[in-house]
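Hi,

Here is the structure you asked about. Please open it first, then read my notes below.

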2 protein chains.
Amino acid sequence: MQNFVFANPTKIIFGRDSIPKLGPEAAKAGKKALFVYGGGSVKRNGVYEAVTSALKKNGIEVTEHPGVKPNPALSHVREGMRKASEAGCDMVIAAGGGSVIDEAKAIAAGMKYGGDVWDLFCGKAPVKDALPVFAALTLPATGSEMNAGCVVTNEDTRQKFSAHGAALFPRASALDPETTMTLPREQTAYGAVDSLAHIIEGYFTARNPDAEVTDEIVHGLARSIVASTRRILADPADYNARASMMWSATLALNGLPVCGYGGMTFINHAIEHSLSALYDIAHGAGLAIVMPAWFRHHLETDGPGRLEKFGRAVFGTTKAEACINAFEDLFREAGAPVRLAEAKIPASDIPKIAENAMMLIRMWGMRHEQPEIEKILKLAA
Amino acid sequence: MQNFVFANPTKIIFGRDSIPKLGPEAAKAGKKALFVYGGGSVKRNGVYEAVTSALKKNGIEVTEHPGVKPNPALSHVREGMRKASEAGCDMVIAAGGGSVIDEAKAIAAGMKYGGDVWDLFCGKAPVKDALPVFAALTLPATGSEMNAGCVVTNEDTRQKFSAHGAALFPRASALDPETTMTLPREQTAYGAVDSLAHIIEGYFTARNPDAEVTDEIVHGLARSIVASTRRILADPADYNARASMMWSATLALNGLPVCGYGGMTFINHAIEHSLSALYDIAHGAGLAIVMPAWFRHHLETDGPGRLEKFGRAVFGTTKAEACINAFEDLFREAGAPVRLAEAKIPASDIPKIAENAMMLIRMWGMRHEQPEIEKILKLAA
């Protein structure tokens, strides 16, 4: 095991009727909230009402900032910052999935930074401070509700970049599985793919794979995600499966499943970010395309060891290739695309995608060159 | 899954040379530390030197409070409080195992409480505040380095009681597996038993066992503890096994392995506390005696379901009785006693032990009567 630091101060309030409990938590942080959400789904499932009434009941003034899109846009972040400044907001509340929480974090960090908020994403400046962030999660997938990162897309430059800093941990997040009961099958599937993607990056690119306890946590979360996905596909109203999925997805990117692995890379995410930046496809769909291809590349470069271990523990497979196929079968079963063509991305675009991915790969300090990325993408063709 | 709240703010600094990193963390909290430790082991393994030099280097004045015993004594807590008051300490630093950290927490809470510190343990008053606590862990077992509880024994009344409160989370804990390399075989064994005991209480007494992700985490931690114990018994200098054991033991009682189980009981611990309060045996030894007996009782009252599931996932067994035997085999293999007689506790004492246990059972609000406890103890005879 390599040395590590684990520190995660986010308070998780989990279960039925947990959203109103954000009110008293928020009241400790301030008086005026910017309330960030997406489209109409939070109005249909009662989350909008639960958040606003909890805030009002606790004496918090609300300024609304709706309209967050999947792959949240920098221009919309700037608009949120303008609103927050005008209203004198002292905190940001998000209600939705990872995109909404990420935009809330970007606004929160931007409000405390003197310069252009994009500086925090393109590596020009670190996130040192942010307004307090609170979240009501409605889509288990990105883990943003319990981590210190956020991703925003710059529409002008077609760059999907991330910012990180301890100030971005939400103070408290409410996770009510009831809010996920009506999710479309597609979003359930993409959430499952995304969560799996988060735990495989560390596991398969660890500098030191002799970290048995972390391997066990990765296997356990993966088994839970796989089993919950299948239960949800069979019965979308299975509360305990929804709950297990929601908590698994949160734990998948809260720092725990990488403890002791040492230098890991985030290569699948780096490649996927280019797909969703260039084609505006769902992050989970992009990952379902990239992961099997990357696994096949990994098998060539690193041998079968980790794939065999993971497969045995999670899918009951023995051979590395069977583990990769099991991933692909699960993604197909859930309805996700597993090839570029299935997402209508032409193979002739591969050099362009790889070139875009290289920006992030260089910024994240990963040692990959464009030909290798093109090779991986060809395995997805 | 039942509703839950998970919040654990302790910063874990893990790995080789992690102890000096406590210095800058402590410097954020104050200027004068009460330094709590046990006997000579921290002087022999370099931990004493690492802590004191880190504190001095960061401008922190040190008042020493050595001599903490296993099953830390209330009188020694009071002595530590006197020293801390006289020196005007504004924080408490522990170096050692769970007993040392627990005593440090008791002192930290006592210093902020107006009345008698025992009030916080016998249910007369809640822990509302405490001096900041920091810990350098040298014995993976109790999980105190990343939780908000502590246990102290009142020698006058022969009561081993616990106190809890968010203020008792250590601000930061350093976990250097190197410090555990020279642990006697016995302490390694008792640590393993203790960690396993922490994760089985929730798993086997859960009000709602349909919490798949938490089951997976419990299975994973258990497998990691079992595998690490066997690696350490074979080669005490196996760093990665020591590291995996250390992090597993910390996670075993940090709140994570009970999320969603709802109302659980701590029955094995309640019975064991009486054994170590009455006979001053090691907590891990007492648990190795109580657990197999309690499992046999549980099999009668609750049926084989959970034992079969746990056994399949952790030991590769199928029948419930085989799972219990696998626990017992592991404890024997590690050198722990598994019957009262092996710890020289006469069966004729069973009513007295059960009577003592009932105090804690009532205080913790558990629904067990003395005849049931006597029955469990007879299964350990």
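What covers the buried residues of α14(A)? The cover includes α9 (267-279), α10 (283-302) and α13 (350-363) of chain A. Helices (H or I, at least four residues) and strands (E, at least two) are DSSP runs, numbered from the N terminus.

First, some housekeeping. This is a predicted model: local features need pLDDT of at least 70, side-chain atom pairs count only at pLDDT 80 or more, and totals for chains, interfaces and linings use all residues. Residues are numbered from 1 along each chain as its sequence is written, while chains are lettered from A and ligands numbered from 1 in the order in which they are written.

**Helix α14 of chain A**
This helix spans residues 370-379. Ile373(A), Ile376(A) and Leu377(A) are buried there. Buried means 20 or more other C-beta atoms within 10 Å of the residue's own, with C-beta atoms placed from the backbone. The three cover an arc of only 100° around the axis, so they sit on the same side of α14(A). The arc is that of the directions from the helix axis to the C-beta atoms.

**Ala95 of chain B**
Ala95(B) lies in strand β4 (residues 91-96). Why is Ala95(B) buried? Because 31 other C-beta atoms lie within 10 Å. Leaving out residues up to four places away in sequence, Ala95(B) touches several others, among them Tyr37(B), Val51(B) and Thr138(B). Contact means C-beta atoms, placed from the backbone, within 7 Å.

**A helix pair in chain B**
Helices α6 (residues 185-205) and α7 (residues 212-234) pack at an angle of about 170°, with their axes 10 Å apart. Axes are lines fitted to C-alpha atoms, for helices over the stretch in contact, and angles run from 0 to 180 degrees between N-to-C directions. α6(B) and α7(B) are therefore roughly antiparallel, the term for angles over 145 degrees. The residues of their contact divide into nine nonpolar, three polar and one charged. Ala, Val, Leu, Ile, Met, Phe, Trp, Tyr, Cys and Pro count as nonpolar, Asp, Glu, Lys and Arg as charged, and the others, Gly among them, as polar.

**Where the chains meet**
35 residues of chain B are in contact with 35 residues of chain A. On the chain B side, β1 (4-14), α7 and α8 (239-252) are the elements that give two or more residues. α7(B) gives the most, with eleven residues. By class, that side has 17 nonpolar, twelve polar and six charged residues.

Best wishes

Note on methods
Buried ≥ 20, exposed ≤ 12 C-beta atoms within 10 Å, placed from the backbone. Contact = placed C-beta atoms within 7 Å. Parallel < 35°, antiparallel > 145°, perpendicular 65-115°, else oblique.
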